[in-house]
Amino acid sequence: MSSSSFKIAALAGDGIGPEVMREAIKVLRVIEKKFGFKIEITEAPVGWAGIDAAGKALPDDTLALCRKSDSILFGSVGLPDRDPTIPKEQRPERAALLRIRKEFGLFANLRPVQLPKALAHACPLRVERQGDGIDVLVVRELTGGMYFGQPKKTEEISEGGKTFQRAIDTMVYTTPEIERIAHVAFKAAAGRRKRLTSIDKANVLENGILWRDVVTRVGKEYPGITLEHMFVDNAAMQLMLKPTQFDVMLCENMFGDILSDEAAALAGSLGMLPSASLGVTAGEKTFGFYEPAGGTAPDIAGKNLANPIAQILSTALMLRYSLGLNEAAAAIESAVKKAIEAGNRTGDIFTASETGAKRVGTKEMGDAIAAAI
Ligand code: IPM
Ligand code: MG
């Protein structure tokens with residue numbers, strides 16, 4: 001990319017969002033100096049922070065800022081305790097997060113799960129099941145399926161003299177939606193170990209049958225990639241039994257949501273899992289949305305306990321995919337690795353029995369990573 005000045009929107013959101021965002025921005029400032037580019041970071045409220053500041057989970061000004069930015073660095077939104085105070089359509093998950101995904105056409109969600117050797121103890125699996133390390137990329141379709149399909153509602157119905165409620169969600173996928181995410185997954189596999197496992201429930205769901213057909217057809221264009229299909233229930237089990245069999249896992253929206261959390265647990269903690277949500281590439285630019293895959297964790301918010309690594313690694317993905325700053329992205333990833341190897345552990349990846357491990361807070365982990373750049 002020719003430009004050396006970039007504009008990003010930083011939306012920290014709720015819960016642990018602001019404190020992990022602070023560490024990500026700290027790291028970004030160090031990277032900026034080291035590599036000599038300029039990133040204009042504008043912060044804006046979203047989620048409950050948006051509701052408190054401007055009456056909406058996605059305030060108009062925040063959306064306008066996103067529109068004129070090169071990418072969005074996002075924290076997390078949602079505070080379940082406050083949910084009952086507003087209608088469900090206005091709650092942050094739907095009104096901000098899902099809305100941004102749809103608004104910007106961010107159909108491709110990449111969640112790279114890696115268990116660093118130094119964190120073998122934090123993996124719930126016995127060491128002999130970890131093989132040479134776990135390294136899985138979950139490619140999740142992000143703007144279709146049951147999270148968006150219509151009708152979506154809860155209604156009152158009467159049957160046999162009784163009145164009760166019925167909730168309806170609809171799973172819908174079209175051929176083009178499956179094709180475009182399949183291409184993303186095959187291309188990602190081409191840059192990795194060249195294995196793609198496509199996840200579906202073709203033994204029960206119409207969606208699963210279509211998914212399998214379309215992915216198989218797209219696969220013919222990628223003869224160098226080994227394609228395998230797996231039912232989602234089996235995939236959940238296989239991840240536990242033998243995660244090293246997976247390279248890229250291609251999933252529809254809900255299956256990807258579930259399996260990426262499961263995979264993240266294998267890699268030590270959800271606090272380690274970054275994500276990139278990408279739209280269609282326009283020219284040399286890919287607008288993207290970068291967020292840790294974990295939630296707001298209200299129970300530990302504001303206590304300097306959260307692991308900032310997912311947010312920091314999401315920042316690295318942003319540099320790579322939206323800003324074209326590959327070297328800077330790699331520098332962040334290697335600094336994270338160094339900080340871990342040096343024994344820094346937030347609570348989620350700390351085990352008392354591990355020699356050389358020191359328990360640190362959010363800020364100290366951010367400092368250690370910034371110092372390792
Ligand atoms: C995720 C989250 C979101 C999702 C929630 C917060 C709506 O779980 O990004 O995985 O389900 O997509
Ligand atoms: Mg999730």
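In this predicted model, Glu291 and Arg101 meet through their side chains in a salt bridge, at 3.1 Å from N to O; a salt bridge is a side-chain nitrogen of Lys or Arg within 4 Å of a carboxyl oxygen of Asp or Glu. The pair links distant parts of the chain, since Glu291 is in strand 12 and Arg101 is in helix 4, 190 residues apart. Helices (H or I, at least four residues) and strands (E, at least two) are DSSP runs, numbered from the N terminus.

Residues are numbered from 1 along each chain as its sequence is written, and chains are lettered from A and ligands numbered from 1 in the order in which they are written.

**Salt bridges**

- Side chains of opposite charge can pair when their charged atoms come close.
- The structure holds 26 salt bridges.
- Glu291 is buried, with a relative accessible area of 5%, and Arg101 also counts as buried at 5%; buried means under 20% relative accessible area, exposed over 50%, and partly exposed in between (1.4 Å probe, protein chains only).
- Glu333 and Arg320 form a salt bridge of 2.7 Å, N to O.
- Because Glu333 lies in helix 10 (residues 326-341) and Arg320 in helix 9 (residues 309-321), this pair ties together parts that are 13 residues apart in sequence.
- Glu333 is partly exposed, with a relative accessible area of 27%, and Arg320 is partly exposed, with 25%.
- In the salt bridge between Arg99 and Glu103, the closest N and O atoms are 3.2 Å apart.
- Arg99 and Glu103 are separated by about one helical turn, because they are four residues apart in helix 4.
- A network of salt bridges links Glu23, Lys26, Lys363 and Asp367.

**Aromatic rings**

- The count comes to six aromatic pairs, where rings of Phe, Tyr and Trp (its six-membered ring) pair if their centres lie within 6.5 Å; planes under 30 degrees apart count as stacked, over 60 as edge-to-face and the rest as tilted.
- The pair of Phe74 and Phe289 is tilted, because the ring centres are 4.7 Å apart and the planes are at 40°.
- Phe74 lies in strand 3 (residues 71-76) and Phe289 in strand 12 (residues 288-292), so the pair ties together parts that are 215 residues apart in sequence.
- Phe74 is buried, with a relative accessible area of 1%, and Phe289 is buried, with 0%.
- The rings of Phe104 and Phe287 have centres 4.8 Å apart and planes at 20°, so this pair is stacked.
- Both Phe104 and Phe287 are buried.
- One aromatic cluster is formed by Phe6, Phe35 and Phe37.

**The chain as a whole**

- The protein chain has 11 helices and 14 strands.
- Its C-alpha atoms fill a box of roughly 65 × 50 × 50 Å, taken along the principal axes.
- Of the 373 residues in the protein chain, 53% are buried.

Conventions: This is a predicted model: local features need pLDDT of at least 70, side-chain atom pairs count only at pLDDT 80 or more; totals for chains, interfaces and linings use all residues. Side-chain values use heavy atoms; hydrogens and water are left out.
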